Amino acid sequence: MTSRQGAVAEGTSAAGTEHVPLDAVDGVTGNGHNDGDLGRVEHYVAELRAERARRSADPVVKSRRYARGQLVVLAVILVFPWLPFTSFSVLGRANLAGQYALIATALVVLTGWVGQVSLGHAAFVGIGAYVTGIANEAWGLDFPFNAFAGAVCGALLASLLGMVALRVRGLYLAVATLIFSWTADAFLFQQEFLTKHSSIVLDPIGKPGGYPYLDFTSRRTYYYLIWAVVGAAIIFMTSLRDRKIGRAFFAIRGSEMAAASLGIDVVRTKLVAFAISGTIAGLAGGMLMVGAQVVTTDQFNTGQSLFFLAIAVVGGLTSLPGAVAAGVFFAALEEVFFRVPSIGAYLQLVSAFLLAAVLLLYPGGLAAIGRAFGERIVDFSDHHVRPRVGPVLRRLLPWRRSDPLEPPDPETKEERGVAEVTGRPRRSTRVDTETPEASVIEVGGATRPRRQLPPIVEGLVSRLQAPIERFRANRMAQRQVRDSRQVIDFAAALRPPEEPEEEPEQEVAVDLEADDDEALMAWETLKLADPDLPASTRDDRRPLIEVDGVVVRFGGLTAVNDFSMKVCEGEIVGLIGPNGAGKTTSFNSIAGFNTPAEGTVKLYGLDVTNFPVHLRSRLGVARTFQAIQLFPQLDVFDNLLVATYLADQSGLFGSMFLTGTSLFQEYESRRRVREVIELLGLEDVAHRSVADLPFGVLRMVEIARALVTGAPLMMLDEPASGLDDTETERLAQLVRFIRSLGVTILLIEHDVKMVTGVSDYMYVLDQGTPIAQGTPDEIKRNPAVIAAYLGESPDDVEESA
Amino acid sequence: MEAITSILLSMPLVGAYAIFGLGIVVIYQASRVLNLAHGGQAMFSAYAYFSMTNWGIPPIIAFVLGIAFGGALGYLVERFFVRPLRPVSQTAQTVGTVAALGLFIAVASRLWGTGGERIPGIFPAGAIDIGSTQISYAEIGVFVVMLGVSAALFVFLKFTDYGLAMRGTADNRTAAGLMGVDPDLATSAAWVLGGASAALAGILLGAATSIHPTTLSLQAIPAFVAALIGGMGSMPGVLVGSLIVGIAQGLAPVLPFTEDIEGGPQLILAAITFMVMGSRGETIVAAGDVRAGSL
């Protein structure tokens with residue numbers, strides 16, 4: 001049904017395009033399908049849909065698709081106070097909806113994204129409101145500074161809670177926040193010094209009749225104010241979500257271990273989330289005070305905390321538009337019950353019932369309902385509206401100045417040519433990979449692919465080139481300073497290779513395009529420049545990992561006893577041993593997941609024995625996990641994107657306020673991830689949820705994630721466990737391939753065949769004690785090793801030999 | 001002396017928190033859900049008991065019926081607010097209990113008003129003099145019943161196959177199912193048990209003080225702390241936790257730091273909570289409580 005509607009819509013629009021030649025220039029919608037051939041159109045629509053499905057996970061693309069919908073929403077919000085049915089009472093509810101939306105936004109950030117359940121947000125809202133009162137009355141701060149003071153105190157209180165509750169999570173945190181809210185209500189909000197200004201007189205800004213004139217007692221003025229705040233919060237938080245810090249949030253929610261192994265400072269990031277959430281909640285409290293100019297403790301009790309969480313949950317918990325929708329929903333509910341006196345007394349009952357109903361019928365909340373509905377209308381808007389409106393709008397935009405009267409510039413022409421030859425829309429991945437020269441532009445002197453970014457971002461990027469270049473040069477200098485101190489330059493991973501044609505992996509990358517299987521075959525047939533490193537030259541190479549006499553105890557059990565090893569630059573070192581030999585324990589003490597009782601661990605010559613996980617990652621160590629630790633809320637592409645955390649130089653404010661640097665870093669990060677995806681042939685699964693993928697692919701994704709970090713040292717924890725023989729064989733190829741990219745590898749396995757096949761040097765553990773080391777050939781002949789695996793004592797083996 | 005009296009006076013609170021806490025732990029052990037509706041269930045059952053005594057049913061029979069009613073409530077909460085959300089996430093299940101709590105408070109406010117009620121007790125009226133004050137039989141009753149209930153629960157969970165089935169189900173539903181345990185049945189049984197104990201605590205506490213839709217629902221909050229101190233897992237842990245929480249609450253009005261502070265009990269409770277969090281945090285994590293994407 002949907003497909004037919006789409007086809008018909010496309011048919012009409014295609015007919016319309018004959019009169020608008022400009023459409024032919026537009027890569028996505030035009031492309032010569034204006035002959036009215038329904039079969040071709042249907043095919044085209046199917047292609048577009050598939051393409052969109054492939055790219056729907058890309059936040060940049062997503063934001064573009066919804067841009068029109070956002071314009072409509074914005075228009076509705078702007079004219080709402082002037083509509084005939086908008087009475088004084090309705091306007092009041094609209095303001096309430098804004099307040100709810102703001103509070104729900106705070107909860108979405110903390111609970112939805114970072115997974116830190118909060119049953120205590122009423123406390124932050126309350127402190128925001130009371131401090132706003134104090135700021136206004138006692139400190140003489142006018143709006144908006146009084147509300148800012150409230151927001152800052154909200155952030156402080158939330159950080160305080162975050163700090164004391166940092167070591168717990170999940171339900172324990174829920175209890176802690178519940179108690180916190182309960183205490184705030186019973187103790188904090190009973191304190192005279194805090195609540196004595198619970199009723200304020202807010203001076204209007206400006207003079208009546210003058211401009212600007214903000215009279216806060218006017219509901220209409222307040223309406224625009226609160227919705228502007230909501231809008232700003234949504235914009236900044238969306239921007240945050242789709243960049244480095246937001247991804248770190250989702251990573252922490254998915255797996256704290258994996259997040260830390262990618263260099264994310266879990267503790268600090270959680271605190272940041274608490275602070276951001278507290279800021280928004282405090283601001284909401286301030287706006288509450290500004291709106292009503294009087295507050296009571298009832299508004300901030302424990303019950304309200306639960307209600308606020310209910311709003312966020314009804315909205316879908318991870319979705320910002322959902323939070324706004326839920327705010328409007330609950331405020332509208334109140335208005336309905338206010339209007340119909342006969343049911344007015346049942347408001348509480350019905351709200352509780354609706355919460356239950358929404359939760360049970362639509363666990364994804366209003367956001368899920370909206371998505372289901374949106375999928376049906378998006379086709380229509382894309383195919384029907386766009387060809388008519390698009391060109392007109394686009395002509396007005398400075399960075400899309402293609403005029404139909406002028407000949408199209410060479411670049412566009414070439415793209416169009418490609419599209420026509422292949423019969424595909426220009427934006428298909430296929431076209432770009434086949435003809436890279438058609439899809440690159442000069443940015444900042446370096447060659448970069450240009451697809452993926454929508455024109456509006458492209459325009460911004462090109463305008464911001466000069467300052468970015470200055471900034472980059474500046475940072476380059478900083479980097480050189482740091483390099484001299486032996487710190488790994490992760491940002492290098494984000495820089496395009498200097499001479500791409502000469503790199504061996506480029507050759508492989510071309511071969512990879514055919515097919516996943518063929519690509520792996522290609523590795524086997526392609527003689528990679530990957531000679532075994534002779535053990536005799538070991539001492540000449542720089543050691544990256546040095547483990548010296550490490551002892552790890554768990555209570556009375558000594559899991560690893562006096563273990564020493566060395567991994568030198570460029571090597572593949574295997575660590576094997578039967579199950580329970582202490583392999584993973586040794587591995588974890590290198591990666592920082594346990595602390596040895598004795599001995600030292602050095603990475604890159606630096607003693608890191610007591611370093612936390614994320615700092616070790618910062619030195620340049622990437623790892624995979626025996627039990628796969630991917631981030632279940634993110635798709636494959638975003639999982640890999642999290643790994644650019646260390647390379648991405650943008651900070652919190654850059655992410656939130658969309659500075660040129662952060663855009664540029666985001667762009668580079670995405671390029672890096674696409675590069676690795678192409679390298680490993682993961683294109684087909686790039687936008688699939690990790691929950692749907694088979695185990696073997698997930699292994700590959702985890703290795704890809706480690707590769708994306710750009711760390712020169714990769715530690716693989718039993719990568720072959722759970723793989724069949726063919727997959728193990730491929731994995732061995734992959735390991736050698738990764739080494740050929742210049743990555744040193746430490747491999748932990750119990751599959752002896754695989755390890756002896758790829759390693760340059762091996763260590764063997766048995767029952768927590770190192771029993772042998774040497775080249776694979778030596779290890780294969782070593783009687784102690786044979787005994788450990790076959791269960792005979794070394795003497796028996798020697799005798800039989 | 002004053003302090004000792006306060007401690008003695010806080011024994012009923014200790015008893016109530018322990019019964020609440022045991023119910024919370026039983027439910028948590030069986031389904032890994034924090035039942036925030038626990039206080040709501042207690043409140044609702046206490047009101048049901050109140051109505052039954054109003055209809056002329058003798059208190060002792062109404063008491064038994066009220067506990068049965070509490071068990072039924074526990075089953076319904078699990079069946080309609082928690083089980084449907086199991087595929088979504090743990091958070092969603094906990095929020096489901098928030099919805100149930102809201103519904104209980106709302107319905108109770110509609111049915112019985114928000115004025116609060118006094119309900120008849122099952123223990124004889126009267127009191128024992130201790131020092132300058134008195135402690136009623138109803139209050140002593142709460143403590144005694146708590147001892148009995150915790151002993152019974154302990155034996156049930158530790159030494160019977162049903163208890164084993166419940167604990168096994170919490171750890172791994174699939175594996176428990178393969179061992180012949182019906183995981184849904186085991187979970188339901190735990191919720192019935194938890195609901196019944198909530199009703200017990202609600203009625204006893206209500207008889208010793210009074211009942212009110214919101215107040216009684218929130219009286220379970222310290223019990224969460226008690227359960228937390230016990231690590232959400234061990235029965236003796238809950239008892240120790242209840243002792244700490246109950247006595248701290250009872251002492252707040254006489255302690256030098258907190259006697260003049262409004263909300264002193266809550267402040268002490270918060271301090272205890274965060275101290276427990278700080279000291280236990282690592283062990284909680286190390287115990288493998290947190291799995292990837294469990295929230």
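A residue counts as buried when its relative accessible area is under 20%. A:Asp242, at 15%, is therefore buried in this predicted model. Over all chains, the whole structure holds 19 salt bridges, while the count between chain B and chain A is 0.

**Salt bridges in chain A**

- A:Asp242 pairs with A:Arg241 in a salt bridge, with 2.9 Å between the closest N and O atoms.
- A second salt bridge joins the side chains of A:Lys270 and A:Glu256, at 3.1 Å from N to O.
- A:Lys270 belongs to helix H13 (residues 266–292) of chain A and A:Glu256 to helix H12 (residues 256–261) of chain A, so this pair ties together parts that are 14 residues apart in sequence.
- Both A:Lys270 and A:Glu256 are buried.
- Another salt bridge is formed by the side chains of A:Glu598 and A:Arg553, with an N to O distance of 3.4 Å.
- Here the link runs between strands: A:Glu598 is in strand E6 (residues 598–603) of chain A and A:Arg553 in strand E3 (residues 543–554) of chain A, so the pair ties together parts that are 45 residues apart in sequence.
- A:Glu598 is partly exposed, with a relative accessible area of 42%, and A:Arg553 is also partly exposed, at 42%.
- A:Glu668, A:Arg671, A:Arg672 and A:Glu675 are joined into one network by salt bridges that share partners.

**Contact between chain B and chain A**

- Chain B contributes 54 residues to the contact and chain A contributes 45 residues.
- About 4,200 Å² is buried between the two chains, and carbon and sulfur atoms give 79% of that area.
- Between chain B and chain A there are 0 salt bridges and 1 residue pair in polar contact, counting pairs with both residues at pLDDT 80 or more.
- On the side of chain B that touches chain A, at least two residues each come from helix H4 (59–82), helix H5 (90–112), helix H11 (221–229) and helix H13 (264–286) of chain B.
- H5(B) gives the largest share of that side, 16 residues.

- A:Thr624 sits in the loop between strand E8 (621–623) and helix H27 (636–642) of chain A.
- This threonine, A:Thr624, is buried, with a relative accessible area of 2%.
- Its side chain reaches the backbone nitrogen of A:Asp717 at a distance of 3.3 Å.
- Apart from neighbours within four places in sequence, the residues in contact with A:Thr624 are A:Phe587, A:Glu702, A:Ile703, A:Ala706, A:Met715, A:Leu716 and A:Asp717.

**Nonpolar surface patch**

- A:Leu71, A:Leu74, A:Leu78 and A:Val79 make a nonpolar surface patch of about 360 Å².
- One of these residues, A:Leu78, lies in helix H4 (residues 67–79) of chain A.
- A:Leu78 is partly exposed, with a relative accessible area of 45%; patch residues need over 30%, so A:Leu78 passes that cut-off.

Conventions: Residues numbered from 1 in each chain as written. Chains lettered and ligands numbered in written order. Predicted model: local features only at pLDDT ≥ 70, side-chain atom pairs only at ≥ 80, totals over all residues. Heavy atoms only, no water. Patch = residues over 30% accessible without salt bridge, like charges linked within 9 Å, V, L, I, M, F, W, Y side chains within 5 Å. Areas by Shrake-Rupley, 256 points an atom, 1.4 Å probe, with all protein chains shown as cover. Salt bridge = Lys/Arg side-chain N within 4 Å of Asp/Glu carboxyl O. Helix = DSSP H or I, 4+ residues; strand = E, 2+ residues; numbered from the N terminus. Buried < 20%, exposed > 50% of the residue type's maximum accessible area, 1.4 Å probe, protein only. Contact = heavy atoms within 4.5 Å. Buried area = accessible area lost by both parts, 1.4 Å probe. Polar contact = N/O pair within 3.5 Å; in protein donor to acceptor, adjacent residues only side chain to side chain.
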